[in-house]
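Subject: Handing over the two-chain model

Hello,

Here is the structure I promised you. Please open it and keep it on screen while you read my notes.

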Amino acid sequence: MAVPISFDDLINPGLHPEYEPAPIFSDDTSFIDVVKPEDIKSSTLTVDETRQPVVMVDNLHVKYQVFSSGKAVGTAGARRLLQPKMRGVRTVHALQGISFVAYENESIGIIGSNGSGKSTLLRAITGLTPPASGAVYARSRPSLLGVGAALIPDLSGDKNITLGGLALGYNRQEVETMREEITKFAELEEFIDLPMRTYSSGMAARLKFAIAASKQHDILIVDEALAVGDAKFRKRSEAKIREIRENAGTVFLVSHSMNSIKETCNRCIWIEKGVQKMDGDPDTVIKAYQQHKK
Amino acid sequence: MTVAEEAEKFGLHRVGARPSLASYLKQTWERREFIYELAKARVQKQNQQNRLGMIWVVLKPTMNAIMYGVIFGVLQGDSKGPDFPVFVVIGVFLFEFFTSSMNGGAKSITGNQALVQSLSFPRLTLPVAQVTQNLLTLMPMVIVMFIYAMILGTTPKWSWFVIIPLLMIFSVFNMGIALICARITVHIRDFTQILPLITRMLFYTSGVLFSVDRILNHWPWLVQIFDFHPLYQTLQIARAMIMNDATYDPFAWIVVSVWALLALGFGLIYFWKAEELYGRAN
């Protein structure tokens with residue numbers, strides 16, 4: 001005879017564990033990789049003594065602290081004030097131990113899918129993002145090709161050339177000698193006296209590029225979307241980038257265009273999810289990267 | 001051999017490392033043209049969109065002075081002292097320089113995040129440019145201040161030129177305060193929220209609108225504290241130099257100078273210590 005189901009068992013709370021909703025945000029941070037000081041390998045960089053190293057990246061780790069949204073307020077907010085560790089902060093480990101040595105006259109392409117840490121690497125090389133551990137050593141401060149942030153839209157293009165040039169580290173005299181060339185390159189001869197806010201976005205981008213490209217660099221970092229403006233200007237700006245690249249000592253180029261990497265780089269580094277996957281000859285690395293993406 | 005030693009061997013230096021104080025100051029000095037140009041550009045841009053343009057630079061403090069002058073003139077009745085309008089104009093105009101330096105300095109790093117993150121230069125240039133900008137705005141204000149003083153019946157005299165060294169000392173003091181506030185804001189953004197309160201508190205406790213000797217003569221110990229008050233003493237020197245028969249204690253010069261040097265010395269070191277921190281993307 002079948003045992004009748006006792007409904008008491010089902011509705012008697014004492015018989016069941018108390019219901020606990022799944023935590024929306026938990027303080028459990030065990031899923032984050034924590035790098036302990038003892039885990040960090042000390043100095044395994046091998047330097048080719050026959051060549052002159054320009055940039056050395058030593059076991060570089062970069063972490064971002066991000067406030068995760070949807071955190072509790074109210075009493076939890078007050079608690080957060082007292083215990084700062086309880087804040088809804090998540091750590092993103094953007095670069096996990098990148099190491100390489102760049103030599104003189106090398107032009108290095110950096111590839112990887114979106115969000116793999118390419119831009120973070122560039123920012124760390126220029127010293128704009130401080131590393132969590134590891135370090136970047138360089139002969140001179142690497143510079144990013146860009147100047148837009150120093151300009152003031154309310155001022156005329158002419159004044160902005162002065163301001164941008166001085167921000168790049170030129171003195172006034174050098175700016176005066178470059179002024180005409182910059183204006184001409186940006187094709188803004190007629191509009192150079194107008195405030196920059198009246199420029200079209202293409203015109204403003206051209207001016208910014210022309211100012212930024214006026215500087216010669218020892219170690220240069222070029223981010224992909226630098227060729228700006230209409231087709232004609234893009235061609236000229238690409239030529240200009242090539243010219244700067246040829247004059248610079250060492251170049252880092254970030255691009256999604258495998259063709260431009262193949263064309264211009266003699267070395268390629270592939271980063272995937274913050275981990276350095278491959279470093280070597282562009283053709284081999286690009287082939288492996290494309291294989292991986294399929 | 002560690003990587004650091006190996007890098008040293010090839011003449012490579014750690015990127016983003018804080019330079020020594022001396023080379024930091026030297027680098028900033030090399031950027032002096034940028035500082036001046038940035039300050040000038042910002043002054044121009046400030047009022048460009050307004051119909052009255054640059055006139056606002058003097059119009060705003062004038063309106064402030066009239067408002068405070070009338071309100072506090074009525075409130076203080078007979079105890080307000082001689083030449084009260086000139087007294088208030090000098091106080092309000094010069095205090096404006098301090099306020100704008102402190103508030104602007106506090107925002108000089110956090111408000112220029114894009115600039116800090118895209119170009120590398122000693123960050124000291126930003127607060128210095130801010131104070132330079134405020135000093136440039138002060139120039140027409142000082143001229144207008146003298147014009148008001150003459151209109152209100154003050155006779156011009158040679159001691160008016162003493163305002164130049166005084167303003168130099170005052171700028172040094174303001175620079176120190178701006179540097180300290182700039183770094184505090186980087187650590188605690190909330191600082192800008194209480195800054196208006198601090199400004200207002202200082203405004204009402206620095207003798208901008210009242211003569212301490214007259215108002216607080218019941219509390220001699222409090223008057224003694226004001227002998228060492230940097231802002232009050234700056235205003236007292238300025239008033240003695242400009243007004244017809246105001247007096248001051250020459251000891252005030254020492255008070256003001258010592259405060260200025262202390263503020264700048266502490267501010268410089270405090271700001272420089274955190275150089276690697278500015279522009280952190282997080």
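Residues are numbered from 1 along each chain as its sequence is written, and chains are lettered from A and ligands numbered from 1 in the order in which they are written. This is a predicted model, in which local features need pLDDT of at least 70, side-chain atom pairs count only at pLDDT 80 or more, and totals for chains, interfaces and linings use all residues.

Confidence

pLDDT is the predictor's confidence in each residue, from 0 to 100. Chain B averages 88, and 99% of the residues score at least 70. Among the elements of chain B, helix α13(B) (residues 251-273) has the highest mean pLDDT, 95. The lowest, 76, belongs to α1(B). For the complex, the predictor gives an ipTM of 0.77 and a pTM of 0.79.

Where the chains meet

Two residues are in contact if their C-beta atoms, placed from the backbone, lie within 7 Å. By that rule, 31 residues of chain B are in contact with 38 residues of chain A. On chain B, α1 (3-9), β1 (13-14), α3 (32-46) and α6 (113-118) each supply at least two residues of the side that touches chain A. Helices here are DSSP runs of H or I with at least four residues; strands are runs of E with at least two, and both are numbered from the N terminus. The largest share of that side, seven residues, comes from α3(B).

Strands pair if DSSP finds at least two bridges between them. Two bridges join β1(B) to strand β4 (residues 133-138) of chain A, and the strands run antiparallel. In β1(B), B:His13 is the bridge partner of A:Ala138.

A kinked helix in chain A

Look at α5(A) (residues 172-185), which has 14 residues. A kink of about 45° is centred on A:Met178. The bend is the angle between axes fitted to the seven residues ending at a residue and the seven starting there. The buried residues of α5(A) are A:Val175, A:Ile182 and A:Phe185. Buried means that 20 or more other C-beta atoms, placed from the backbone, lie within 10 Å of the residue's own. What covers them includes α4 (157-167) and α6 (201-212) of chain A. Just after α5(A), A:Glu187 takes a positive phi of about 55°.

A helix in chain B

α9(B) (residues 191-205) has 15 residues. B:Gly207 follows α9(B), with a positive phi near 65°.

Best wishes

Definitions and conventions:
The expected span of a helix is 1.5 Å times one less than its number of residues. A residue is buried if 20 or more other C-beta atoms lie within 10 Å of its own, exposed if 12 or fewer, and partly exposed in between; C-beta atoms are placed from the backbone.
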